[in-house]
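Please keep the sequence and the structure in view while reading.

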Number of protein chains: 2
Amino acid sequence: MPQTLTVALGARAYPIQIGTGLLSNPDLYRPHLQGAQVMIVTNETVAPLYLDPLREALTEYRVREVILPDGEQYKTLEVWNWIFDALLAERFARDCTLIALGGGVIGDMAGFAAASYQRGAAFIQVPTTLLAQVDSSVGGKTGINHPSGKNMIGAFYQPRAVIADTTTLETLPQRELSAGLAEVLKYGFIRDAAFLDWLESHMAELLGRDADALAYAIRRSCEIKAEIVAADELETGERALLNFGHTFGHAIETGAGYGNWLHGEAVGAGMCLAADLSARLGWLTESELERVRRLVASAGLPCAAPNELSAERLIDLMAVDKKVLNGQLRLVLLRQLGEAVVTAEFDPNLLCETLAAHAF
Amino acid sequence: MPQTLTVALGARAYPIQIGTGLLSNPDLYRPHLQGAQVMIVTNETVAPLYLDPLREALTEYRVREVILPDGEQYKTLEVWNWIFDALLAERFARDCTLIALGGGVIGDMAGFAAASYQRGAAFIQVPTTLLAQVDSSVGGKTGINHPSGKNMIGAFYQPRAVIADTTTLETLPQRELSAGLAEVLKYGFIRDAAFLDWLESHMAELLGRDADALAYAIRRSCEIKAEIVAADELETGERALLNFGHTFGHAIETGAGYGNWLHGEAVGAGMCLAADLSARLGWLTESELERVRRLVASAGLPCAAPNELSAERLIDLMAVDKKVLNGQLRLVLLRQLGEAVVTAEFDPNLLCETLAAHAF
């Protein structure tokens, strides 16, 4: 039996199902499908592994698929348009359903396509990476990249269901498992010091793909995310806390060129930079900062931006971040471990020091 | 003093201001602008005429503009992306405001860009054509075309205000004035037989750009549209009535190639086709059908599809329409003059007869 959480968004509330072997279970899809037409959006890596098992759950429907190239560098307007080409070639109507089968890139692109196709089709997330299961498939943020910045074009659009089959993590490359752990660590850093303790003592099991440890980490992560999203769907306040490490991280991703760093890797380094600035503000002790870095490193993640990215270039890239308000850069920083704040009240010189010192 | 209507959409309610000389009045914009950054989206025809007057109203803000080519054939994904290029080149933040200055194409593209930029920026409509003032600027439908169909990619996204300066109609080409009158006639056909009588007796003044006649026609049109939109924002029911003539019209527009027929011209012909089918169903008398055609023709609009479009090709194009539900084509037809219904309950042979007979 899957574990079920609910994202409490009133008329747009939806379940997150977590468990093994969920992919092929028709009962999990049926209540959320409208019409008879289903378009599966996936990529060339995931399709050979999981397209057939998913199709088994959908034999009652007219199912088509569109297979995109794999990687953040393809999260573009041009590739996004392939989804519309496929929908229109098959003459899919407004009452069709899009299913995202894959990681965060697939979920973001398929979700934004569902939001935009004929001004709104139904949408189901079937995340197959740890990162997508704990983060990107939950909460309704969808979008694509622009050469000048990540996720600059998109929509808030909630899925009708999230089906997280943990069996799919068995085929996940180790580097992507680590990238997913970056977001898991994030929930501990911003909200739950006890979860941080748990992660510290279970990191080896997580990296070894112990099923119970992974299921607990996913569940706790989704609980925290669902709670924050339910309180602030459109990110007018509290939800911004979920961007801990992301303003630094997006700058690293963009600066390194999409596809070179995984999103989770950039977030890992970004969290270390945000913690570094928090320490310079006197909010974290040196030993707490050390603990952040050790946790990030223990998950197999980088703790610093690449050397070739200068502080000036990073500042430049951070200035287009979505958290800029009235021209002021706002950052998510740590008041203490387990408690984050969004603030523009920091000495810009300290930020420069953090960025200049990033090759620790 | 402008006349003010309100589109009653709860937290998303907004005013429509109608009158002369509104373009340069800062008081109409100030309450609806957020942040300090304003991006005016306009086209190369409108910019030389009205960009400077609009800028006069915005001297307190950091104003930039992006000027698109003029015409339905440019309502594409590629040209839409120019707006993001401009926003990001100027490092505009999420709390910026986009102002659409132009006709329906500009309003649709700028509105969808506002909906999507960083997942939602503020948006104001400043329509400069009759069609945009009576129809496309009100109600929150935004989007772009796909080679396979009109407005297939888009969002429901409400503006914060609509500022309809009737002075701008003085420079409108006669062909576009007629195209706008197609939508004005539509409101009479679907909802208000008395307005139809008024239009019949005032068509000469409207074509002669009599300011009072135009102001009345715009106001009555916006009243009807605002009422229908307030009752059904996301087009789950009644709002579909506003598509009277549009399923036929979109097929004509796509079939003729975007940019060859104006949207309003295609809607004019489409309304005649829809009335023809209504007559074949026994809902309109021959003389009522004649009256529809006469009214459309009196506004300077075509009453039939182009001869080179076969009935088969039109059927084909209509099959991708957004009003297809569960594979069934639904059409807006006239029960009587002043009363429209959405229905899939018609003999497909009668539709074929209508399309085959379209060169009346």
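Contact, as the word is used throughout this report, means heavy atoms within 4.5 Å. The model is a predicted one, in which local features need pLDDT of at least 70 and side-chain atom pairs count only at pLDDT 80 or more, while totals for chains, interfaces and linings use all residues. Residues are numbered from 1 along each chain as its sequence is written, chains are lettered from A and ligands numbered from 1 in the order in which they are written, and side-chain values use heavy atoms, with hydrogens and water left out.

**Asn145(A) and its surroundings**

Leaving aside neighbours within four places in sequence, Asn145(A) is in contact with Glu72(A), Lys75(A), Thr76(A), Lys150(A), Asn151(A) and Tyr258(A). The residue belongs to strand β7 of chain A; helices (H or I, at least four residues) and strands (E, at least two) are DSSP runs, numbered from the N terminus. Is Asn145(A) buried or exposed? With a relative accessible area of 5%, Asn145(A) is buried, where buried means under 20% relative accessible area, exposed over 50%, and partly exposed in between (1.4 Å probe, protein chains only). A polar atom of the Asn145(A) side chain lies 2.9 Å from the backbone nitrogen of Asn151(A).

**The annotated positions**

In an unreviewed UniProt entry, the annotation "binding site" covers Glu183(A), His246(A) and His263(A). Although these positions are spread over 81 residues of sequence, they cluster in space, the largest C-alpha distance being 10.0 Å. UniProt positions are given in the numbering used here, feature names are shortened, and annotations may be inferred rather than shown by experiment.

Glu183(A) lies in helix α6 (residues 174–191) of chain A and is buried, with a relative accessible area of 0%. Apart from its neighbours within four places in sequence, Glu183(A) is in contact with Leu131(A), Val134(A), Asp135(A), His246(A), His263(A) and Val267(A), so that list includes the other two annotated positions, His246(A) and His263(A).

His263(A) is placed in helix α10 (residues 263–280) of chain A and is likewise buried, at a relative accessible area of 15%. Not counting residues up to four places away in sequence, His263(A) touches Leu131(A), Lys150(A), Glu183(A), His246(A), His250(A) and Glu253(A).

The table gathers side-chain polar contacts, a polar contact being a pair of N or O atoms within 3.5 Å; within protein, one must be able to donate a hydrogen and the other to accept it, and residues adjacent in sequence count only if both atoms are side-chain atoms.

| Side chain | Partner side chain | Distance |
|---|---|---|
| Glu183(A) | Lys186(A) | 2.9 Å |
| His263(A) | His246(A) | 3.5 Å |
| Glu60(B) | Arg30(B) | 3.0 Å |

A further annotation from an unreviewed UniProt entry, "domain: 3-dehydroquinate synthase N-terminal", covers residues 66–178 of chain A. Over residues 66–178 the chain is 34% helix and 30% strand, and the end C-alpha atoms are 28 Å apart.

**How the two chains meet**

Chain A can be laid on chain B with an RMSD of 0.0 Å by a turn of 180 degrees and a shift of 0.0 Å along the axis. The two copies are thus related as by a two-fold rotation axis, the superposition being made by least squares on the C-alpha atoms of residues with pLDDT of at least 70 in both. Of the residues of chain A, Leu77(A) comes closest to this axis, at 4.0 Å (C-alpha).

The contact takes 37 residues from chain A and 37 residues from chain B. Because 100% of the interface residues of chain A are also interface residues in chain B, the copies meet through the same surface. The area buried between chain A and chain B is about 3400 Å², of which carbon and sulfur atoms give 53%; buried area is the accessible area (1.4 Å probe) that two parts lose on being put together, summed over both.

Across this interface there are 12 residue pairs in polar contact (both at pLDDT 80 or more) and four salt bridges, a salt bridge being a side-chain nitrogen of Lys or Arg within 4 Å of a carboxyl oxygen of Asp or Glu. Arg91(A) forms a salt bridge with Asp316(B), the closest N and O atoms being 3.3 Å apart. The elements that give two or more residues to the side of chain A that touches chain B are α3 (77–89), α4 (104–116), β7 (141–146) and β8 (149–156) of chain A.
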